[in-house]
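Visitor: I would like to go through this model with you, one question at a time. Could you set out the terms as we meet them?

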Amino acid sequence: MRIRRILAAVFATAALAGLGLTGAATATAGSVTPASVTPASVTPGECTDGGGTIDRSTPVLPTCRGGMYGGQTVD
């Protein structure tokens, strides 16, 4: 009888913890919208269309300066 109570408590705790994790994951995923995500790199056309200029003096890759994509690398 005692084992049943302990197992019931363990299952209830696990079920509640699972619901809490699912709710947190849903809330996190729901707060990110595709419009708010900035790409890791942009094309030259995207940089200039967004109001920036291409700075080719950076050591590895060109960088978009100013505009909507300022600071992003240009591929």
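Guide: A nonpolar core is a set of buried Ala, Val, Leu, Ile, Met, Phe, Trp, Tyr and Cys residues joined through side-chain atoms within 4.5 Å, where buried means under 20% relative accessible area, exposed over 50% and partly exposed in between, with a 1.4 Å probe and protein chains only. This is a predicted model, in which local features need pLDDT of at least 70 and side-chain atom pairs count only at pLDDT 80 or more, while totals for chains, interfaces and linings use all residues. Residues are numbered from 1 along each chain as its sequence is written, and side-chain values use heavy atoms, with hydrogens and water left out.

Visitor: Which residues make up the largest nonpolar core?
Guide: Of the 75 residues of the protein, 15% count as buried. Two of the buried residues are C47 and C64, and both belong to the largest nonpolar core, which has five residues in all. Its members are V42, C47, C64, Y69 and V74.

Visitor: Which residue forms a salt bridge with D55?
Guide: Side chains of opposite charge can pair when their charged atoms come close. A salt bridge here is a side-chain nitrogen of Lys or Arg within 4 Å of a carboxyl oxygen of Asp or Glu, and the structure holds one. D55 lies in strand β2 (residues 53-55) and its partner in strand β3 (residues 63-65), so the pair ties together parts that are 10 residues apart in sequence. With the closest N and O atoms 3.2 Å apart, the partner of D55 is R65.

Visitor: With which side chain does the side chain of T58 make a polar contact?
Guide: T58 is found in the loop between β2 and β3 and, at 17% relative accessibility, counts as buried. A polar contact is a pair of N or O atoms within 3.5 Å; within protein, one must be able to donate a hydrogen and the other to accept it, and residues adjacent in sequence count only if both atoms are side-chain atoms. A polar atom of the T58 side chain lies 2.3 Å from the backbone oxygen of L61. The side-chain partner of T58, at 3.5 Å, is T63.

Visitor: Is I54 buried or partly exposed?
Guide: I54 is found in strand β2. Leaving aside neighbours within four places in sequence, I54 is in contact (heavy atoms within 4.5 Å) with P44, C47, P62, T63 and V74. At 24% relative accessibility, I54 counts as partly exposed.

Definitions and conventions: Helix = DSSP H or I, 4+ residues; strand = E, 2+ residues; numbered from the N terminus.
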